[in-house]
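Thanks for coming, everyone. Let me put the structure up, and then we will walk through it.

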Amino acid sequence: MNKGKFILMLHAHLPFINHPDFPQFMEERWLFEGITETYIPLLKAFERLERDGINFKLAMSITPPLMEMFANKDLQRKYEEYMNKLIELANKEIERTKNEDQRKHKMAKYYKEDYEDILKHFKSVEGDLTKAFTHFQDKGNLQIISCNATHGFLPLMMHNPQNVNAQIEVGVNAYERHVGKKPDGIWLAECGYEPGLDKYLKKQGLSFFFVDSHGLWFGDPAPAYGVYRPVMTEEGVFVFARDPESSQQVWSADVGYPGDSRYREFYRDIGFDREEHYIAPYIDGSGERCNTGIKYHKITSKKTDLNSKELFDIDEAYEAVKEHASDFINKKKEQVSKLLEEFDGIEPVITAPFDAELFGHWWYEGPLFIEQLFREIDKAEELNPHTPREVIDTLNSVQIVTPAASTWGANGYNEVWLNGSNEWIYRHLDNAVETMIDLAKKYYHANELQERVLNQMARELLLAQSSDWAFIMTTGTTVEYAVNKTKTHLNRFRELKKELENNNIDVDKLKTLEWIDSIFDNIDFRVYAKDV
Amino acid sequence: MENEKILKFLESSPTIQELRSFAKSLGLRLRRTMKKRDIVKILKKQAKEKERKDNETYQELPFSGSVLKKQREERKIQSKPEAYDLPESYSKDKIVVFPINPHWVHVYWDFSENTKKKIEKYELKLRLHDVTNVIFDGDNANRTKETTINSYPGNWYFEVNFAGANYLAEIGYYAEGFKRLLISNVITTPRNFPVYGKHETWADLKRRKRRVTPAHLKTTSESAFIGSSRLSSIQGNPSSEEYLKILSKHLSGRFFL
């Protein structure tokens, strides 16, 4: 029987944020929340599937900044401190909710056990979560792919080949360093593709990447099977395109599953609800309120205002998870049978890429949904889960298509990363890139100290290039941090350049920068001197 | 600690192949001609370097707020990002075009001191040329848009007529004809329509051969383009407040930030 092939692809990414000279730093919580709500819950879901002998297959990009943060000793230590505080808070909540609604008390106990288990998991892999995910890669369930170095937005770098190559090469090297072998495929930051990028991917030995649906719809020529079969570029790199139906089912703000009334409400958190003297030790040191992760309310309905939300019950939410996973798979089955008919029996490949942090961080029950989804697929005869590599290995022939310029940003192109709010960054980034290329050639035979300065300059440049900063400027939350991050990395770059050229290198300062902007320990600035 | 890892590995009397791949995994660069003892030497040096670095880091680890504060003050820089002023101009001749979407492109420019002197008495023009299927010689653009610019460095947004078309920008002035100062890179606006060819090319992966067949599209139906309505659903000048307000409310693929 001909079946459909299903590829779930989770893109796990956070920008590199490291403030080791501060006991705590608000933006470091992004990583900590990601670990507690998404990364470890996903690992736990994989473990349960493994234990129950369920055949699950998926792909995940774990970006270089995320792998670097997972391996960072300062951040690991701070995460443990953060979790110990959180467990302390959950214990207080258990006491406190004894006299409140019992649904709250139940959840307080649930959180405490959950946090303790998460911390146990974290310690069991000595904090290095890449290692934990690699276990599932070794078992054949998970294909971990790479991403360009600091998640720089490549469609706006195309006028500078060395820059594009450096983003990709440094990303590939980081993967190899953390995973122990070369990556097979790549997720391009923001799913951003421009014709011509495939040449750089090929050069780094990458055999596949992903595009949004319109990358193939408007490809040259329009592919025979639309987004439902991989294609190959002229350079010989395979391309998987996003299935719009899968995205819409999960992702859509109006009809997507995460909006169900029974699911946990993201915006009600005791970090905002509890009185100040009680919550102060568990929020940011400045006293600024923030999410703690302990939340007692459910969505109820989208129209319900935040103060009138009803209480959340994990068991009720779990019922919704089961319904949604089953609905998702039923729709996939229908889709497969329709496509099989249209394609005269050729097996459709359905590719469903998502931001990993949607599952758990935003949609609390998301990791449970993924687990349940694989349990449902396991029962379905019409559908098999695959990794991208497995799909490629089954291909006898493939259509050659040049994908169209596309991204998964709002509106589908580059506007999220280039508009009135963030246009100013590009002239500065471009200038730094050109400086880096010039210096890399000029100082190719640098002495040891010059080499350290140039490597640090490369780090500062790459950190300034994270697409996250431009993205945040567009969305309008925590803009100041993003603006200052961009300015600060560029400023550090300029100061290092001055010291290098004036032969007046401040070693203490350099050491501090190597400590705080410590991404890519083994970077070689000469990557910018390459002819590409 | 990585230095311990390296030393432990060296104790395990590895083969030259093992040494090579281990060194590579640390990101060390080896020459093809290197002998076993050369690689061991490099690894030992790396271990020593790591030990030094680790010691530095751990000595500097903060143990309490007050110690930390003192350390921060002693240190010349801290990790907290600040609103540094970036240079207004890099004093280099520069013009770059970016595609934004099928209907808009963005141009930025900057001038060298020399150019700044040269242009004092002229009114500067920024032109955007449609050079689709054209080898541009300065005069043969399919279409040209022109605007007066009065700031440098500066930037501009152009609304363009065609998706999937090639554009380049130039800056110059009129003095007995148009005198060019700067010319930009060429970009292609993203396509927002399908390309139906008469033929398809397929690669036979087993025989490593290509074959060309008549096109046999299976997905021309409306349903194949489900969701395409979200593309370019926001219209207008990407630099406007109004545009940004709508854009920031639309979901992108991302959920964390």
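Two strands pair if DSSP finds at least two bridges between them. Helices (H or I, at least four residues) and strands (E, at least two) are DSSP runs, numbered from the N terminus. With that, take chain B. B:Leu126 stands opposite B:Ile171 in E6(B). Strand E3 (residues 124-130) of chain B and strand E6 (residues 166-174) of chain B run antiparallel, joined by six bridges.

Some housekeeping. This is a predicted model, where local features need pLDDT of at least 70, side-chain atom pairs count only at pLDDT 80 or more, and totals for chains, interfaces and linings use all residues. Residues are numbered from 1 along each chain as its sequence is written, chains are lettered from A and ligands numbered from 1 in the order in which they are written, and side-chain values use heavy atoms, with hydrogens and water left out.

Back to the sheet. What is the order of its four strands? The open sheet runs E4-E3-E6-E7 (chain B), with antiparallel pairing. At the edges sit strand E4 (143-149) and strand E7 (178-188) of chain B, each pairing on one side only. Neighbouring strands here are turned by 20° against each other on average, direction ignored. Axes are lines fitted to C-alpha atoms, for helices over the stretch in contact, and angles run from 0 to 180 degrees between N-to-C directions.

Now chain A. E5(A) pairs with strand E7 (residues 238-241) of chain A in the parallel sense, over four bridges. A:Phe208 has A:Phe238 as its bridge partner in E7(A). Both faces of strand E5 (residues 208-211) are covered. A:Phe208 and A:Phe210 are buried on one side, A:Phe209 and A:Val211 on the other. Buried means under 20% relative accessible area, exposed over 50%, partly exposed in between (1.4 Å probe, protein chains only).

Next, helix H13 (residues 366-379) of chain A. Its 14 residues reach 20 Å from first C-alpha to last, close to the 20 Å expected at 1.5 Å a residue. That expected span is 1.5 Å times one less than the number of residues. Of the 14 residues of H13(A), 11 are buried, so the helix is largely enclosed by the rest of the structure. Among the elements its buried residues pack against are strand E1 (4-12), helix H1 (29-51) and helix H12 (314-342) of chain A. A:Phe369 is one of those buried residues. A:Phe369 is also among the residues with the most contacts inside the largest nonpolar core, which has 189 residues. Such a core is a set of buried Ala, Val, Leu, Ile, Met, Phe, Trp, Tyr and Cys residues joined through side-chain atoms within 4.5 Å.

On to a helix pair. H5(A) and helix H6 (residues 161-179) of chain A pack at about 85°, axes 10 Å apart. They are therefore roughly perpendicular, a label for 65 to 115 degrees; under 35 counts as roughly parallel, over 145 as roughly antiparallel and the rest as oblique. A:Thr130, A:Thr134 and A:Gln137 of H5(A) meet A:Tyr175, A:His178 and A:Val179 of H6(A). Contact means heavy atoms within 4.5 Å. A:Thr134 is buried, at 10% relative accessible area.

Last, A:Glu415. Is A:Glu415 buried or exposed? Buried, at 0% relative accessibility. A:Glu415 is found in the loop between strand E10 (397-399) and helix H15 (425-442) of chain A. Leaving aside neighbours within four places in sequence, A:Glu415 contacts A:Ala410, B:Ile100, B:Asn101, B:Tyr243 and B:Leu247.
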